[in-house]
Amino acid sequence: MAELTPDPARGAQVVADDKAYVFHSWSAQAGLDPLAVAGGEGTYVWDFDGKRYLDFSSQLVNVNIGHQHPKVVRAIQEQAAVLSTVAPQHANEARNQAARRIADLAPDGLTKVFFTNGGADGIENAIRMARLHTGRDKVLTFYRSYHGNTGAAITATGDPRRWPNEYATGHVHFFGPYLYRSAFWASDEQQECERALEHLEQVIRFEGPSTVAAVLLESVVGTAGVLIPPPGYLEGVRRLCDEHGIVYIADEVMAGFGRTGRWFAVDHWGVRPDLLVFAKGSNSGYVPVGGVVISDEIAATFDDRVFPGGLTYSGHPLAAASIVASIDAMREEGVVENAARIGETVLGPGLRELAERHPVVGEVRGLGVFWALDLVSDRATREMLAPYGGSSPAMSELAAECRRRGLLPFLNYNRLHVVPPCTVSETEVKDGLAILDEALGVADRYYTG
């Protein structure tokens, strides 16, 4: 672990400069008090006071290979020494290697990669491809979803962040499976699956199948709650898309590259999407990057037809080199296998034990190193600890207690997401669970059931 040299004065200056000059996303600016992160390594980051934090947020659920992985850092440095940037119309070796590795991991028949700068513009371009390929306009997405903060991506998003941003057209939302808070009065997973698919089929029919270009789904819903689709659901979506000539877009921005214990989350169900969007985990965010893996059928649409889209930094060589190094390191070091093992034998069982001790935990959900605790004020009614559109002192106190004890959490509404890097060790997971055990005691005080 890197040596720490505490420098509180520098940390204070970093925070002061941040408040003076940096405009933060999704925030009212006046009340911000950001943590000044001085450095990181593996599963830890630290501040300028020298305090270490277990990063159980993976920042924004993207640091899959951990902080400062030496192979990835070295690959960026070596590429910068050779060619730091190149226009997308030129061929580039690093870009080719990154595309080939991603295509090799993707489901069969997805062999072309269009690179973007992140997940949101990956979604934008996937929607554009689907509309041009089908000649249709409408895009169907879950209410509980997040797809990014660009024009079509934020309108495709289901959660309330879309409300002040709805300027794109042609978007329709529907309810996905979520047995704990079922919209279908289901009593078990099979019934939830069947009724959710019946609902989607009705939406398609009432919207008009000939008007629907794409069904866009997070393979495992991320920010909106780590919602694992029940067996048969994604397969059913694939059948409905095939029946009506609709493009199936898999949003794997958060769930991909080991997060669920597989290279892609769709691999759990053996489903082949027509377009697969990736970003975060492909290089752990070391350099901004995203992209769309394109099926042969859709790619052929643009063999003799111009694709009307492009980005100055598409397939940026530094980003491409970091993807190559990340995938190679994950293969060599068994990182995806580690995520699967940790989730099955340590993290999942440990979180379920916490649920037995803390009444505020209504449900535990997850795969690999992608978990969420659904926090409630009453288990019988399943009332959320923090309602949508509201604020909760319980959640802010929970976050503060985690940080005080040396853990960076990821909280959203009434959920505590437990999403450490895929490289996390058994010891680190147990350390983090011990902190969560203490911190959840703060939230338990708000339980009224």
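1. Overall make-up. The protein chain has 13 helices and 16 strands. Its radius of gyration is 22 Å, close to the 22 Å that the globule rule gives for 449 residues, so the chain is as compact as a globular protein of that length. The model is predicted. Along the principal axes, the C-alpha trace spans about 60 × 60 × 40 Å.

2. Burial and contact range. Of the 449 residues in the protein chain, 56% are buried. Take the contacts between residues at least 6 apart in sequence: 72% of them join residues at least 24 apart.

3. The seven-stranded sheet. This sheet is open, and its strand order is β4-β10-β9-β8-β7-β5-β6. Pairing is mixed. At the edges stand β4 (110–116) and β6 (171–174), each of which pairs on one side only. From one strand to the next, the twist averages 20 degrees.

4. Strand β9 and its two partners. Strands β9 (residues 275–278) and β10 (residues 290–295) run antiparallel and are joined by four bridges. With β8 (residues 247–251), β9 pairs in the parallel sense over three bridges. In general, strands of a sheet pair through backbone hydrogen bonds, either parallel or antiparallel.

5. L275 stands opposite I294 in β10. V277 has V292 as its bridge partner in β10. Side chains of β9. L275 and V277 point one way from the strand, L276 and F278 the other way. All four are buried. In a regular strand, side chains alternate between the two faces of the sheet.

6. A helix over the sheet. Helix α4 (residues 93–105) lies across β4, β9 and β10. It runs at about 130 degrees to β4.

7. Two loop residues with positive phi. Most residues other than glycine have a negative phi. F257 has a positive phi of about 60 degrees although it is not a glycine. F257 sits in the loop between β8 and β9. Its relative accessibility is 1%, so F257 counts as buried. S284 also has a positive phi of about 60 degrees, and is not a glycine. S284 lies in the loop between β9 and β10. With a relative accessible area of 3%, S284 is buried. Both backbones are worth a look in the model.

8. The four-stranded sheet. Another open sheet has the order β1-β2-β3-β14, with mixed pairing. Its edge strands are β1 (37–41) and β14 (407–408), and each pairs on one side only. Strand β3 (residues 52–55) runs parallel to β14, and two bridges join them. D55 has L408 as its bridge partner in β14.

9. Nonpolar cores. Which residues touch the most other members of the largest nonpolar core? They are Y233, L351 and L375, out of 108 residues in that core. Another core lies apart from it and has 24 residues, among them M129, A130, A152 and V292.

10. Surroundings of L375. Neighbours within four places in sequence are left aside here. L375 is in contact with residues including V360, V361, G362, E383, M384 and L385. Further along the chain, its contacts include M395, L398, N414, L416 and L440.

11. E401, a buried glutamate. E401 belongs to helix α12 (residues 393–404). Is E401 buried or exposed? Its relative accessibility is 13%, and the cut-off for buried is under 20%, so E401 counts as buried. The side chains of E401 and R405 are joined by a polar contact of 2.8 Å. Not counting residues up to four places away in sequence, E401 touches A439 and V442.

12. E344, an exposed glutamate. E344 is found in helix α11 (residues 335–357). At 63% relative accessibility, E344 counts as exposed. G368 is 24 residues from E344 along the chain, and their C-alpha atoms are separated by 6.8 Å.

How values were computed
Residues are numbered from 1 along each chain as its sequence is written. This is a predicted model: local features need pLDDT of at least 70, side-chain atom pairs count only at pLDDT 80 or more; totals for chains, interfaces and linings use all residues. Side-chain values use heavy atoms; hydrogens and water are left out. Two strands pair if DSSP finds at least two bridges between them. A nonpolar core is a set of buried Ala, Val, Leu, Ile, Met, Phe, Trp, Tyr and Cys residues joined through side-chain atoms within 4.5 Å. Buried means under 20% relative accessible area, exposed over 50%, partly exposed in between (1.4 Å probe, protein chains only). Contact means heavy atoms within 4.5 Å. Axes are lines fitted to C-alpha atoms, for helices over the stretch in contact, and angles run from 0 to 180 degrees between N-to-C directions. A polar contact is a pair of N or O atoms within 3.5 Å; within protein, one must be able to donate a hydrogen and the other to accept it, and residues adjacent in sequence count only if both atoms are side-chain atoms. The radius of gyration is taken over C-alpha atoms; the globule rule is 2.2 Å times the number of residues to the power 0.38.
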